[in-house]
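Reader: I would like to go through this model feature by feature. Please give the general idea each time, then the case at hand.

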2 protein chains.
Amino acid sequence: MALVGPAIILVAPQMGENIGATARAMYNFGLTDLRLVRPRDGWPNPDAVPMASGAKVVLDNVQVFGDTRDAVADLQYVVATTARPRDLIKPVLLPHEAAGECRARLDKGLAAGILFGAERSGLANEDVVLSDAILQVATNPDFSSINLGQTVLLVSYEWFKTGLPKEHVSEFKKGEQPATREELFGFMDHMERELDTNGFFYPPEKKLSMMQNLRSIWIRADFREQDIRTLRGVISALVTSKKKSND
Amino acid sequence: MALVGPAIILVAPQMGENIGATARAMYNFGLTDLRLVRPRDGWPNPDAVPMASGAKVVLDNVQVFGDTRDAVADLQYVVATTARPRDLIKPVLLPHEAAGECRARLDKGLAAGILFGAERSGLANEDVVLSDAILQVATNPDFSSINLGQTVLLVSYEWFKTGLPKEHVSEFKKGEQPATREELFGFMDHMERELDTNGFFYPPEKKLSMMQNLRSIWIRADFREQDIRTLRGVISALVTSKKKSND
């Protein structure tokens, strides 16, 4: 997996802990290009280290800038994250949409970045103006406050998802494949034979419909190869026990 | 918006702080049904309150259970979150897939829930066995550790997304609508008239292709109604300034 993706740009971040949480969230989802614009407490900041939980590669490669223009200078597509709508004419994207736009650019060799504002105040309009689009996380309108690290986590997560195969096909391990009809029929025959021996299908004129009901249950159960082996063992065990108790 | 969704079930959670973070993440994305199975430090736990950041409605309605079976007894679909693959025959879902499965059930009036294990050890196999499916978050394989609160955040976020309109259509505010061709042509005519007056289109035989190049630029710029008004003001201002300087 190539660790390439949009730059994450924190503008005027206040808490070193949040820079650390950002680094961790980024690296969890394969992002490594962290840029800081005027971090309040300077850089490097020892408060960032514990929260980064080992995402050292991100902290070690942080670039620091004096203003937002310099931080985005090499980028061809910039998204600004805001908590509230701005009176600006920009497309407003959800995180997965912004991630998709970044992926489309990066696939063409263009550089993208995502701006995040200070914890308390968010981005200034003059920074939002520099961006191609606005990113907003849709939340419960009655409780919409999410913190900086969480917002970066959601955006990084959506970035990583754009690199996953569209169709998530579970691979079947040995024994986990759905049973073939032959295996299923072998089980049904076994079960029906033992039930017949024990007089389960009574009265005789109901036998066919009783068998059909049972077969529907087994089909619907979506047994795996291994399940069939287990269940045939169950039948044998029950029958043996009955034979024993009849001895 | 009806605040209805899957139950979030923490099995043997250790840190009150993580229960608080879980409550906050849930309520950010409209979930309120939090269930605790054998919380290490009992319940209520004052350590949960600061991290919940005001998601009091979730903390106030916590239900506590002695075992996982009781906690899922009323549910018809249960997903178990695990960090590593288990040797069990279950479908493995990504968060958005699990959220989609829960939504499909809830839309039919069926109750769903998602299990999360203890911080250190995760879910025991005996709890995973009780579930219909396994949920795993896909992460950077070199740095895959995400904490309990973050995992609940991602799952709750994906749940909320299932309730958003599939097509995210930005609503245009007044002035933000793309300009009509009439407005655009008015701008182009204005621009071309002034450029012509100032001898921009030279030599004359190149005038048509120069105009066509410029028109392509204006069309591609995707101007909004308000932009057109602004730009016509810009032209007028430039022309006025020139006339003044010629006085």
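Reader: Which residues in H1(A) meet which residues in H7(A)?

Author: This is a predicted model. On the H1(A) side they are Asn18(A), Ala21(A), Thr22(A), Ala25(A) and Met26(A), and they meet Leu148(A), Gly149(A), Val152(A), Leu153(A) and Ser156(A) in H7(A). By class, this contact has six nonpolar, four polar and no charged residues.

Reader: At what angle do H1(A) and H7(A) pack, and how far apart are their axes?

Author: Two packed helices are described by the angle between their axes and the distance between the axes. Here helix H1 (residues 16-28) of chain A packs against H7(A) at about 15 degrees, with the axes 8 Å apart. An angle under 35 degrees counts as roughly parallel, so H1(A) and H7(A) are roughly parallel to each other. Their crossing is right-handed.

Reader: How do H7(A) and H7(B) pack, in terms of angle and axes?

Author: Each of these helices spans residues 148-162 of its chain; the angle is about 70 degrees and the axes are 11 Å apart. The range for roughly perpendicular is 65 to 115 degrees, and H7(A) and H7(B) are therefore roughly perpendicular to each other. The crossing of H7(A) and H7(B) is right-handed. H7(A) contributes Gln150(A), Leu153(A), Leu154(A), Tyr157(A), Glu158(A) and Lys161(A) to the contact, and H7(B) contributes Gln150(B), Leu153(B), Leu154(B), Tyr157(B), Glu158(B) and Lys161(B). These divide into six nonpolar, two polar and four charged residues.

Reader: How many residues does the largest nonpolar core have, and which have the most contacts inside it?

Author: In soluble globular proteins, nonpolar side chains tend to be buried together. The largest nonpolar core of this model has 77 residues, and those with the most contacts inside it are Ile8(A), Leu10(A), Leu34(A), Ile8(B), Leu10(B) and Leu34(B). Beyond four places in sequence, the contacts of Ile8(B) include Met26(B), Leu31(B), Leu34(B), Ile114(B), Phe116(B) and Val152(B).

Reader: Is Thr81(B) buried or exposed?

Author: Buried means under 20% relative accessible area. Thr81(B), in strand E4 (residues 77-81) of chain B, has 10% and is therefore buried. Leaving aside neighbours within four places in sequence, Thr81(B) is in contact with Ile114(B), Leu115(B), Phe116(B), Leu123(B), Leu135(B) and Thr151(B).

Reader: How does Gln226(A) count by relative accessibility?

Author: Gln226(A) counts as partly exposed, at 34%. Gln226(A) is found in helix H10 (residues 225-246) of chain A. From Gly30(A) it is 196 residues away in sequence and 37 Å away in space, C-alpha to C-alpha.

Technical notes:
Residues are numbered from 1 along each chain as its sequence is written. Chains are lettered from A and ligands numbered from 1 in the order in which they are written. This is a predicted model: local features need pLDDT of at least 70, side-chain atom pairs count only at pLDDT 80 or more; totals for chains, interfaces and linings use all residues. Side-chain values use heavy atoms; hydrogens and water are left out. A nonpolar core is a set of buried Ala, Val, Leu, Ile, Met, Phe, Trp, Tyr and Cys residues joined through side-chain atoms within 4.5 Å. Buried means under 20% relative accessible area, exposed over 50%, partly exposed in between (1.4 Å probe, protein chains only). Contact means heavy atoms within 4.5 Å. Axes are lines fitted to C-alpha atoms, for helices over the stretch in contact, and angles run from 0 to 180 degrees between N-to-C directions. Helices (H or I, at least four residues) and strands (E, at least two) are DSSP runs, numbered from the N terminus. Angles under 35 degrees count as roughly parallel, over 145 as roughly antiparallel, 65 to 115 as roughly perpendicular and the rest as oblique. A crossing is left-handed if the near helix is turned anticlockwise from the far one by less than a right angle, and right-handed if clockwise. Ala, Val, Leu, Ile, Met, Phe, Trp, Tyr, Cys and Pro count as nonpolar, Asp, Glu, Lys and Arg as charged, and the others, Gly among them, as polar.
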